[in-house]
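Here are a few notes to read alongside the model. I start with a cavity and then move to the sheet.

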Amino acid sequence: MTSSLSQSATPWSDLLLRSMAELREVYQRHEGELEAMATEDFAQLFASSQRLDALLLAEPLDRHELRNVLSAVRGYGEMLREDLAAQQPELDAALARLLKAADAANDEDGETSGGFQRVIASEPGFILAVDDLKENRELVARYLSRSGHMVVTASSGAEALHTLEQADVDVVLLDLMMPEMDGHEVLRRIKEHPEWRATPVIVISGRQDMDGIIECIEAGADDYLFKPFNPVLLQARIKAGIERKRWHDREELYRQQLERNEKFIRATFGRYLSDEIVTDILERPEGLELGGDLRRVTIMMADIRGFTTISENLAPAQVVTMINRYLGAMTDIIMAQQGTIDEFIGDAILAVFGAPQRREDDADRAARCALQMQAAMDEVNRLNQADGLPEIKTGIALNTGDVIAGNIGSERRSKYGFVGHPMNVTSRIEDATAGGDILIADSTLQALRGNYQTEAGEPLKVKGIHELLRVHRLLGETT
């Protein structure tokens, strides 16, 4: 080992090599008194000294590899001092002189890793250490395991990405200079992956050029440490990384819970309110306030003709089967045409087109909806016949006018509804429909944009409304 002094000796290298030689002599005197783990750590420390000897013989000096060696010397030296200080004072003193020499080497190379010693209390984490050099991986794993962390290692970028696919990693310690896939590429892939990008990445590298540091930070690295790293600083960085990952995981869990709750709310209340009303309530808190605003809407009312007489001759279960079949088919059509179902009143349906969201073709969608509802009655009656139930017919009325649309009721109980004279007019028109009829008010006919086949009906004089109602029978849509 002393052969290196003749070619590349420097003040720090001479001190470091002499300190290592002294430590070896002390170790040989006390080797038999040490436990297996300490013996293994000394073997790794002396292996690092052999690498250092080879480095100092080479020209030019590989400073990146030098930092790897110094990191190993410092790491194993500090762990041995921590383990042996009380039992082996002579070995402890020799180790202290070696670490002082390593600090001098670090200072000479422009990076100080020694100095103060602090204990960093950290929540245990799952750490992935990525380095192509086995001794570096083993050192980091040994050091962090002593602090309570679970550490897995990867010798290449590909192996690191495979580990991330298999496990939920809290922090990645990443070396930059690796064959095949280097650390820059690994960092890029981690930060572009939707499930990994929140994982903190701490780059640990012997490269100390500012451009490289900036490049890593811009690519998403959370921190950058130089080799040989200060173990206390590394612990602090890991603690911060674990805390960031834990906060992210909690936020992600809360987000998923909120999404599940919202889906549940939509699925549950969607059975009682239209999708648009549920969305309005969820996305606008003020949507729950009592009151409303003036809207131009097309109102639809439909019910089964002679339903009371029909139901008198049926068992309650048969009535429920028949009405649910009818309402289910009609509901699907109304929602497909983006209508808002205000309520079911027995066998009657009240729906509105134009609130809470207004569209330019509200009247046309209401007309098409009514035509499709009447066409669907053939299938409803086919199923009724198969179940031994009577045939039914529905009458539908459409009317267009200005209403107040909003939350009606009290602070304890309210519903999204519609108030205004056009609602009463629609009800009166619906009373005049026969089975299979679609009667539309003159206001709806004037609002239609498409081409429809209609037939003028007799003016209606109904109770409670002074004016005659001009209505038309909607027969179909023409091209």
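1. The largest cavity is lined by 14 residues, and D131, N136, V140, I204 and K227 are the ones nearest its centre. A cavity here is a set of points on a 1 Å grid over the protein atoms alone where a 1.4 Å probe fits but cannot get out, and lining residues have an atom within 4 Å of a point.

2. This is a predicted model: local features need pLDDT of at least 70, side-chain atom pairs count only at pLDDT 80 or more, and totals for chains, interfaces and linings use all residues. Residues are numbered from 1 along each chain as its sequence is written, and side-chain values use heavy atoms, with hydrogens and water left out.

3. What lines that cavity? Eight nonpolar, two polar and four charged residues. At least two lining residues come from each of β1 (126-130), α6 (134-146) and β3 (171-174), with α6 giving the most, four. Helices (H or I, at least four residues) and strands (E, at least two) are DSSP runs, numbered from the N terminus.

4. On to the sheet: five strands form an open, parallel one in the order β2-β1-β3-β4-β5. Strands pair if DSSP finds at least two bridges between them. β2 (150-154) and β5 (223-226) are at the edges with a single partner strand each, so one side of each has no neighbour in the sheet.

5. β1 and β2 run parallel and are joined by five bridges. For L128, the bridge partner in β2 is V152.

Note on methods:
1 Å grid on protein atoms, 1.4 Å probe; cavity = no way out; pocket = protein on both sides within 12 Å on 5 of 7 lines; lining within 4 Å. Nonpolar A, V, L, I, M, F, W, Y, C, P; charged D, E, K, R; others polar.
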